[in-house]
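Student: I'd like to learn how to read this fold, beginning with the strands and then moving on to the helices. Please give me the rules as we go.

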Amino acid sequence: MRMELRVCKHCYNGEHGNPQKTAITKDMVECARRIREYKDLIGIDSLYVSMVEEGDNGGAEALSVYVASIEHNQIQMNDTQLVMEDGDGNVLVYPDPDDILEVLTRNIDQIQDQTRQDVTVELSSESAELLS
Ligand SMILES: [Zn+2]
């Protein structure tokens with residue numbers, strides 16, 4: 001299994017004026033980095049975290065899957081997505097923040113089952129609300 005989390009760099013840095021998205025983006029990145037630390041425990045081969053900048057169509061991604069949506073008659077690239085590819089080349093793409101957080105926290109729960117170390121990530125109230 002290979003995974004890639006892509007987030008908007010500006011949201012991560014709090015430069016897009018959306019504190020809620022910033023809190024959630026930071027949580028996603030923290031969860032992904034925690035999973036990466038312990039990925040061997042749950043059979044994940046690699047986990048990339050990439051941050052895209054405005055006007056950046058990607059290209060640096062490890063897994064070249066793009067999810068586009070149409071808004072105001074314009075094709076928008078999602079700046080936030082989680083891509084998972086299993087050993088058979090089946091690809092799953094999660095573009096919604098609540099799904100992404102759910103998948104990431106589920107992975108952390110699986111890791112927690114495998115180790116005595118505390119691997120939990122303290123989520124912001126924004127993320128907790130999204131998951132509830
Ligand atoms: Zn942004």
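Tutor: Two strands pair if DSSP finds at least two bridges between them. Helices (H or I, at least four residues) and strands (E, at least two) are DSSP runs, numbered from the N terminus. This is a predicted model, where local features need pLDDT of at least 70, side-chain atom pairs count only at pLDDT 80 or more, and totals for chains, interfaces and linings use all residues. Residues are numbered from 1 along each chain as its sequence is written.

Student: How many helices and strands are in the chain?

Tutor: Four helices and six strands. Going from the N terminus, the order is β-α-α-β-β-β-β-β-α-α.

Student: Which strands form the open sheet, and in what order?

Tutor: In general, strands of a sheet pair through backbone hydrogen bonds, parallel or antiparallel. Here the order is β2-β1-β5-β6, with mixed pairing. β2 and β6 are the edge strands with a single partner each, so one side of each has no neighbour in the sheet. From one strand to the next, the twist averages 15°, with angles taken from 0 to 180 degrees between the N-to-C directions of axes, lines fitted to C-alpha atoms, for helices over the stretch in contact.

Student: In what sense does β1 pair with β2?

Tutor: Parallel, over seven bridges.

Student: Which residue of β6 is the bridge partner of E85?

Tutor: V91. The pairing of β5 with β6 (residues 91–94) is antiparallel, over four bridges. The two strands form a hairpin with five residues between them, and G89 in the turn has a positive phi of about 85°.

Student: Is β5 mostly covered or uncovered?

Tutor: Mostly covered: four of the five residues in β5 (residues 81–85) are buried. Buried means 20 or more other C-beta atoms within 10 Å of a residue's own; exposed means 12 or fewer, and partly exposed is in between, with C-beta atoms placed from the backbone. Over the chain, 27% of the 132 residues are buried.

Student: Why does M51 count as partly exposed?

Tutor: Because M51 has 18 C-beta neighbours inside 10 Å. M51 belongs to β2 (residues 46–52). Beyond neighbours within four places in sequence, M51 touches V7, K9 and Y12, where contact means C-beta atoms, placed from the backbone, within 7 Å.

Student: Now the helices. At roughly what angle do the axes of α2 and α3 cross?

Tutor: Two packed helices are described by the angle and the distance between their axes. The axes of α2 (residues 19–37) and α3 (residues 97–114) cross at roughly 30° and come within 10 Å. That makes α2 roughly parallel to α3; the cut-offs are under 35 degrees for roughly parallel, over 145 for roughly antiparallel, 65 to 115 for roughly perpendicular, and oblique for the rest.

Student: Which residues make the contact?

Tutor: On α2 they include I24, M28 and C31, and on α3 they include I100, L104 and I108. The contact residues divide into eleven nonpolar, two polar and two charged. Nonpolar covers Ala, Val, Leu, Ile, Met, Phe, Trp, Tyr, Cys and Pro, charged covers Asp, Glu, Lys and Arg, and the others, Gly among them, are polar.

Student: Which strands does α2 lie across?

Tutor: β1 and β2, running at about 155° to β1.

Technical notes:
Contact = placed C-beta atoms within 7 Å.
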